[in-house]
Amino acid sequence: MAENKSKTVLNRGSVQKIRELGLLGFIVILSVFIQCRNPSFLTAENLNDLITNTAILSLLSVGMMMVIITRGIDLSIGATLALSGMITAMTVRSHPALSPFLALLLGTTIGLLCGIVIGFLVAKTSILPIIATLGMMNVFRGMTFLISGGRWVSAHQMSSSFKHIATGSIFGVNHLILIAIITYLIFYYFINHTRTGRKIYAVGSNPQSARISGINVDRTLWLVYAIMGALTGLSGVLWVSKFASAQSNTAMGYEMNVIAACVVGGVSIAGGTGKVSGLLSGVLLLGILNNALPLLNVSPFWQDAIQGGIILLAVIVGALVRRNTDKKNLIGREE
Amino acid sequence: MSKYILELKGITKTFPGVKALDNVCFQLKPGEIHALMGENGAGKSTFIKIITGVHQPDEGEIYFKGEQVVIDNPNDSKKLGIAAIYQHATSYPDLSVTENIFIGHEYICPQTKRLLWKKMNAKAQEYLDELGANFESTTMMKALSVAQQQIVEIAKALSANAEVIIMDEPTSSLTTSESEDLYRIAESLRDSGTSIIFISHRFEDMYRLADIVTVLRDSKYIGTWGVNEVSNEDLIKAMVGREITQLFPEKKRVLGKEILKVHGLGKIGYFSDISFTLRKGEILGLTGLVGAGRTELCQAIFGIHSYDKGHIYLEGSEVEINHPSDAMQLGIGYLPEDRQAQGLILEWGLEKNISLSALDKISRNGWLNKKEEIKIAKRLADKVNVKARSVFDLAKQLSGGNQQKVVVAKLLTADLKIIILDEPTKGVDVGAKSAIFEIMTDLAVQGYAIIMISSEMPEILGMSDRILVMREGRITAEMTGEEASQERILEAAMKKTA
Amino acid sequence: MSSVNIQTEKKFSLQTFFFQWEWLLLLIFVMINIINAHLSPYYLNTFTLLDATMGFLDKAFIALPMAFVIIFGDIDISVGSTVALSSVVMAVLYNAGVPMYLAMLACLSVGLICGFINGILIVKFKELSAIIVTLSTMILYRGIAYIILENQAAGGFPQWFSFLGWGYIKGIPFILALFAVTALVFAFLLHKTTFGRKVYAIGNNAVASRFSGVKVDKMKVIVFTLTGFMTAVASLFLTSKMGSTRPNIASGYELDAIAMVVLGGVSTSGGKGRMIGVILSIFIVGLLRYGLGLINVSSQIVLIIIGLLLIVSVMISSLNIRMGKSKE
C-alpha cells in the first residue's frame, strides 16, 4: 500500500516535467523539420535574429506569467507598450541628446505608473482583472493617439544613440538579448528564492488561506501588476528603438501573443502554477514559429491561423495529459 | 507558572442573530490530548476559531501559560505557539511540501534575504521522517492524499514550534489504517510534551486517544470528564441533551413491492460490485466511513457520475441514467450533502429555488407561469414547515435547518418514487433534525422509497428499516433495523481486508 | 410544531424600487440626449436620431447574446474575429458566383459553427475556462479570415444588400426595426422563459443547477452557438454598411460588446443583470459616441471615455452589491 502510494506521487509530480519535455521534444522535431526544408534556419545568423526578435516577447511573458499565477490576466500591455514607447520616442525627438539610459528609465517609469493604476483597480476595488485591463487598454491606447496626435515618430527623428539601444551589441551579443537574459536571471531568482516571489504563488494557489496565514494579498497583487507595467514600459522603449518607429497602433493585439506564450509554456490560467523553465520553452516555440514560417515560404497570412491552432492544440493536449494521469492514479488506487 | 498551558474562561461570542458560544470554559494541560466533542453546530468550530484568532470573543479571558493574552489575528496565535489543522486542508496545492511547511516563517539568509531551500528541504524531510511519512519534502502538495496532507499540516505545526496543536476532525476522511498512523503520531507528540486538542465525531477516536473530554452543546459548556470515568451513554446524553430515542418517530410502515434493484455496479477507484434492492415505503440506511464510496455510489445512481459496470433496474426494467435530469424523469431524486454549494442558489428566493427542479411544471412551452410557481412554492414550503416570512425570502437568509427543508421541498416538486438523502442532518440543529426525520417518515408512509446516507450511528439505527454498510467501495454488511447494532455496523465499516 | 404563515405577496419597497441600476442608466441616457441636443440644434430631430442609431446598432446584435454569456460568468472574446471570418466567407463565396442569399446563409452558418466550436470546447475542456478557449479561437478565426482573403478587400455586393445597413421601412431604419424585435425576443427569453431561468441558475451556481436537473453543458453550447449566430447577423449589417469587407474588420468589437453588457449592469461574476439595462447601455454608448462626434471629439478620446465608463460602471455596481441591494 505504502509503496503503491509513493509511486502515485511520482506519477503526478512529474506531469509538469512530462509536459515540459513534450514541448521541448516538439520544438526539436519542429526545428529538424524546418532545417530540412530550409538549411538557413540553424545558422548562427538566423538564430541570432530569432532570439533578438523573441527578446521583447520573453520580457513581457515573465511579467504576464506572474500575473496569471495570481489568477489574473493583463490585456492592457499592448496599449501600455505603445504609450511608453510613444512618450519616450517623442522625448527623444525633442531632446536628441538624451542618454539611452534615461530613455530606458523614462519608458520603464511610464509603464510602471500604468501598472500601478491597474494594480490599484485589481487589488483595491473588486473589478475583475479582465475587465479592469480591458478598460485601461482603451484608456492607454486613446492617450497614445492623443499625445501623438495620430502621427508617427519615424526613424530619422530618432537619435542614432537611441536606435543603438536595440541594434548595438556587447561582445557580439545584441543588447536586447542581454537585457532579456539579465531580466530572466533576476526574475528567476526573485520568483524562486525570495519570500515575496513565493507569495505570488501562494496567493494564486489558495487566496483564502493566503489571507488567513497573514500574507498581504492586496499588496502582492498590486506588486505583480506594477512589475508587469514596468516590464511593458521597458519593452516599449526597446520596441520603438528596434523598429525605429513609434506609432499609435504599435503592438496592438500583442497581449495575445504574450498570453499565448505563457499558456503554451504551461502557466495555468487557474493560477498557482508556472515555471520560468516552462515559460522559456513556450516563448521559444512562439519565436520559432514567427521566425520559421517566412523561411518556409508560408504566406504571412497563414501565420495567425497557425499560431491560433497551435495554442489551442497546446492547451488541449496539456489538459488531456493531466486528465490521463489522474485517471491512472485512480486505477492505481484500486489495485 | 500555571498548571495549564491554555485556559479559556467565560468565552461568549455572538454573531448577528446567533449566540455561537455562551460562557464556555476550557482548560488544557501540557502534554495532554483533550477531546472536544459535541454535535454539529454545538460551537466547536467557533471555539477553535477563537483560540486561533480568526474570531475574537465578545466576553471572556484567554490565558496562555498562566498569563492573560489577547489573540487578535491568526498571527498572534501562531506566535504563541498554537497551530491548527483543519478538516479541509488549507494548504497551497501548487507548492511543494517544504514550502507548505515553512510558509510565513521561511529560513532566510540574513544578508541577502535569499530563501535557503536546501536547509528548508532538509529540515522538512527531518520532520517528515520523524512523523513516519512515506513521501519526499519536494513533492507537490496536490499529489498527496488527504492523510499525507494532514501529516504535512502537522509538520507545519512542528516547524512553527507549536506547543498546542488543534486537530479539527482529522480522521473524518481517513481510512482505518491511516487513522491508526495519525493516532500514533498524536501519541508521540503528546509524549514529547505537546498538547493536543482533538475534535471528533467518532467515539472510537476519543476512546483510543484522548485522556480527557470536554463536551459542548447548543453553544454552552456542558462538562469535562476523564475518558475512563464516563460511559458512552452519559456522553451521548451530554452531547444530545436527552435520550436519543425521542428523536426518532416510530417505525410503523408497511413495505411495498421492490422498486429499485442495483446489480454489480462498479466505478474504478470509487466503488465496485454493488448490489442491493429497495422497496416502496422503505428507509434504507447507507453507512460507512467518509470516503467509503457512499456518496459516489448514490451520485452514480442519480446520474452525476458515470459508472463503468453493472445495471440499474427500476420497477423491473433496466434503465440508463446519464444525467440528473434522466434520473429525475425516472423518479429518482437526490438531496446533496452540501446544501449550500450543491442544493441551493443562495442569492435566490425560496420560490425560485423550489421550482428549479420542476421548471416544466410551472411553464407551458417554455413560458414561465410565475403565479403557479408561487403557488407551488407556498404549498411545498408549508408542507415541510419552512420557517420564513415570505416565499421571496432569499435562501441565504435562512438557518441551516430551514435551508435543508427547502432542499427537501425541491425534491417534492418532481414526481419522485425514490429519494436519496446524503447526510440530511449535517450541520442542522437538533430541533430541525427531528423535523427532518418526521418528514422522512411521512414520505415513507406515503410510499416513497428512501435511501439515507449517514455517518451518524444513532440516526442510522433510529431511522432505517434496513442498513447497508460500505467499506472501501464495497458493501460489507446488510442487516435489518432490528438486528443492527452499533457494534455490528462498526465492525463491518472498519474491519481490515482479509 | 408551530406553523408559520408564509407570505406570497411581494411587498413593494420604495427603496428597492429606486435603488436600481437601470434608473441610473436612464438618467445617463437622458443626460446624454440633453447634452447632444445642446451641442447640435439638429440633434433632436427624428431623422437625425434614427440616422444615429444606424451607426452603432450592428454591435448591439452581439451585445444581446453576450449578456447571456456574461450572466453565465463566462466571456467570449472571439466575436470580433467571428464577424471578420463570416463576412469574408460571404464575400468570397459571392465573388465566386454563389447567389447572394446563399452567401448570406453561409455567413450565418459560419457564425453558428464558430460559436458551436467555442461552446463544445468550453464544455469538453472545463479546466481551460472560456477566456483561454475564446482567446485561442479569436486568433484562429481571424487567422482563417486572413488565409481566405489575405490582405485584400472584397465587395461588389448587389445593390439590394446595402438595404440591410442603410435601408428604411416606413421611415424607420431597417436595422433599428430588426434590433427592436430581436431585443424584445431576447428580453422575453431571459426573463419570461425556463431557458432564461436556467441561464441565471447556472450563472449563480452551476453545480446546484446540475444537481437540480438543469443540463448545464447543453445550455452552454446553445448560448455560445447563439452568440456565434448573432455575431454573424452583426457581420451582415456591418458588411452591408461598409459595402466591402477585409479580414481586419471589427477588431475590438468584443470590447464594445462586453462594455455594453457590463455597463448595462450585468455582473462579470455571473448570475445577475437584466436585459433592459443592456439595451439602455447600448444606446448610451452609441449616442455618446455620436454626440462626441458632433462636437468633433476625436475617436481617441471616445476610446478613453468608453474605457473609463467600463471601469467606473463596474466599480459603482460592485459598490451597489456591497450595500446589499443585489437583485436578479
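Here is a short chat about reading a few features of this predicted model.

Me: Let's start with chain B. Which domains does the assignment give for it?

Reply: Keep in mind that you are looking at a predicted model. For chain B, the assignment lists domain 1, covering 6-244, and domain 2, covering 246-494.

Me: And how far apart do the C-alpha centres of those two domains lie?

Reply: Domain 1 of chain B and domain 2 of chain B have their C-alpha centres 33 Å apart.

Me: I'd like to look at a strand pair now. How many bridges join β21 to β22 in chain B?

Reply: There are 6 bridges between strand β21 (residues 466-471) and strand β22 (residues 474-480) of chain B, and the two strands run antiparallel. Look across from B:R471 and you'll find B:R474 in β22(B).

Me: What happens between the strands of that hairpin?

Reply: The hairpin of β21(B) and β22(B) has 2 residues between its strands, and B:E472 takes a positive phi near 45 degrees.

Me: Over to chain C. Which residues form the nonpolar patch on the surface?

Reply: Among them are C:L24, C:M31, C:L39, C:L294 and C:V312, and the whole patch has about 790 Å² of accessible area together. Helices α2 (21-39) and α14 (299-322) of chain C each supply at least two of its residues. The largest share, 5 residues, comes from α2(C).

Me: Take C:L39, then. Is it buried, partly exposed or exposed?

Reply: C:L39 lies in helix α2 of chain C. Buried means under 20% relative accessible area and exposed means over 50%, so C:L39, at 37%, counts as partly exposed.

Conventions. Residues numbered from 1 in each chain as written. Chains lettered and ligands numbered in written order. Predicted model: local features only at pLDDT ≥ 70, side-chain atom pairs only at ≥ 80, totals over all residues. Heavy atoms only, no water. Domains from an automatic or database assignment. Pairing = 2+ DSSP bridges. Helix = DSSP H or I, 4+ residues; strand = E, 2+ residues; numbered from the N terminus. Patch = residues over 30% accessible without salt bridge, like charges linked within 9 Å, V, L, I, M, F, W, Y side chains within 5 Å. Areas by Shrake-Rupley, 256 points an atom, 1.4 Å probe, with all protein chains shown as cover. Salt bridge = Lys/Arg side-chain N within 4 Å of Asp/Glu carboxyl O. Buried < 20%, exposed > 50% of the residue type's maximum accessible area, 1.4 Å probe, protein only.
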